[in-house]
Amino acid sequence: MSAAVLALAPQAVSAPMSAADVPQVIALLRAAPQTAYCEWENEALLRAHLAHSAELCRVVRDPAGRVVGALLAGSFGVRGSISHAVVTPTHRQAGLARLMARDALSAFRARGVRRVHLAVLDGNPAASALWTAVGFHPAAGERTYECDL
């Protein structure tokens, strides 16, 4: 782990995502194949999503203000969903994803959400370890389905 990451980790703050963060967040998602980013998740769509879910969506910035971690989430009624979580390769292993996940789960609780789901791509043990560490478990007997519209 680099000195910059070690310096950031103890003072890292997970903050609600703002519309100004969106271009940097999209760049992070595009650079990380494990996030399964879809090009239709464009700036206009994400900015509109933040109008009602900014506290669920989280970012971590480095001391220069650059977004080095992002988590996108939303809710409908008592159910929530985390769609993406990403940390720049140079800032991984510093607990930033766990910090964002815990803050997002707190925001879900404050909203009255009682169940949160997410999907992890096969072959991504780091993501499986992260989500297990913050309380998620594989859903027995379920398979995830999706449909792009």
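1. Contact here means heavy atoms within 4.5 Å. In this predicted model, N42 is in contact with I26 and Y37, leaving aside its neighbours within four places in sequence.

2. N42 itself is found in the loop that lies between α2 (22-31) and α3 (43-53). A separation of 8.8 Å is computed between the C-alpha atoms of N42 and V22, which are 20 residues apart along the chain.

3. Is N42 buried, exposed or partly exposed? The residue counts as partly exposed because its relative accessibility is 36%, and this class lies between the limits of under 20% for buried and over 50% for exposed. The side chain of N42 also reaches the backbone nitrogen of A44, at 3.2 Å.

4. Turning to the strands, β3 (residues 67-76) and β4 (residues 79-87) run antiparallel and are joined by eight bridges. Within this pairing, V87 in β4 is the bridge partner of G69.

5. On which strand does β4 pair in the parallel sense? The partner is β5 (residues 115-118), and the pairing extends over four bridges. Opposite G80 stands V116 in β5. From β4 the chain crosses through helix α4 (residues 96-111) to β5, and this β-α-β crossover is right-handed.

Notes:
Residues are numbered from 1 along each chain as its sequence is written. This is a predicted model: local features need pLDDT of at least 70, side-chain atom pairs count only at pLDDT 80 or more; totals for chains, interfaces and linings use all residues. Side-chain values use heavy atoms; hydrogens and water are left out. Two strands pair if DSSP finds at least two bridges between them. Helices (H or I, at least four residues) and strands (E, at least two) are DSSP runs, numbered from the N terminus. A crossover is right-handed if, with the strands pointing away from the viewer, the path from the first strand over the helix to the second runs clockwise. Buried means under 20% relative accessible area, exposed over 50%, partly exposed in between (1.4 Å probe, protein chains only). A polar contact is a pair of N or O atoms within 3.5 Å; within protein, one must be able to donate a hydrogen and the other to accept it, and residues adjacent in sequence count only if both atoms are side-chain atoms.
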